Each structure stands twice: as C-alpha cells, then as structure tokens.
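Here are my notes, jotted down while going through the model. Have a look at it first, then read on.

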Amino acid sequence: LDPFAATLPGGRLALRLAADATATPPAMQVAGGGQGLDLAALTNGGPVQGRADLDLDIRGQGASTRALAATATGRLGLAVTEGRLTGGWAS
C-alpha cells in the first residue's frame, strides 16, 4: 500500500506498507511517519502530553508476527516537543 494515509484524532500519519509473500521466509516493510502529532489525543487523554514527530523504516521477515518482530531492523525516530508526563507514569 503506497501511500497509506490515516487521519487520527492526534494527527495524520503517512505510511508505506509492503509485503512479499513469495519470499522464503515472507518479508514485510513499514515506512513513513507523521509530524506534529498530538500525544494526548493519540493516547485518549492518557498521561503523555505534547507534540511528536515520527519517522520510521522497519523491515522484517518470517512466517509469524513473532518472527517478523524478532528480525525487525531499520530506523525509528521519535522527537517530542513540550512533552509532559502526568498521572501514573509521572508518580
């Protein structure tokens, strides 16, 4: 799926999803990100507040989600501005 865009309560994510089921083992890639994401809205009023920028390009291969996670490589960048923790996490 290229592009795959989702508008969430906290902002807009633009992603690229690719899968190769013919490879042995099957391979999957997720790339993309978002800018100015509202963390409070994404966590449904949870203990995290602020704005976040997200950039990712992660690849993995395997026949199960566990195998995909175990072989995941790539980059994951997260920048938070005006970040605050409240409630349970901050105590």
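Where does glutamine 29 lie?

1. Glutamine 29 lies in strand S3. Keep in mind throughout that this is a predicted model.

2. Is that residue buried or exposed? Glutamine 29 is buried, because its relative accessible area is 10%, under the 20% cut-off. Its side chain makes a polar contact of 2.7 Å with the side chain of arginine 16. Setting aside neighbours within four places in sequence, glutamine 29 is in contact with Arg16, Leu17 and Ala18, and also with Asp57, Ile58 and Arg59.

3. Now the strands around it. S2 (residues 11-20) pairs with S3 (residues 27-38) in the antiparallel sense, over seven bridges. The two form a hairpin, with six residues between them, and leucine 17 stands opposite valine 30 in S3.

4. S3 also pairs with S4 (residues 48-61), again antiparallel, over 10 bridges. Here aspartate 38 stands opposite arginine 51 in S4.

5. Stepping back, the protein chain has two helices and five strands, and from the N terminus on the order is β-β-β-α-β-α-β. The radius of gyration is 16 Å, well over the 12 Å that the globule rule gives for 91 residues, so the chain is more spread out than a compact globule. Its C-alpha atoms fill a box of roughly 45 × 30 × 20 Å along the principal axes.

6. On burial overall, 19% of the 91 residues are buried. The accessible surface comes to about 6100 Å², with 58% of that belonging to carbon and sulfur atoms. As for contacts between residues at least 6 apart in sequence, 41% join residues at least 24 apart.

Definitions and conventions
Residues are numbered from 1 along each chain as its sequence is written. This is a predicted model: local features need pLDDT of at least 70, side-chain atom pairs count only at pLDDT 80 or more; totals for chains, interfaces and linings use all residues. Side-chain values use heavy atoms; hydrogens and water are left out. Two strands pair if DSSP finds at least two bridges between them. Helices (H or I, at least four residues) and strands (E, at least two) are DSSP runs, numbered from the N terminus. Buried means under 20% relative accessible area, exposed over 50%, partly exposed in between (1.4 Å probe, protein chains only). A polar contact is a pair of N or O atoms within 3.5 Å; within protein, one must be able to donate a hydrogen and the other to accept it, and residues adjacent in sequence count only if both atoms are side-chain atoms. Contact means heavy atoms within 4.5 Å. The radius of gyration is taken over C-alpha atoms; the globule rule is 2.2 Å times the number of residues to the power 0.38. Accessible areas come from the Shrake-Rupley method with a 1.4 Å probe; for residues, only the protein chains shown count as cover.
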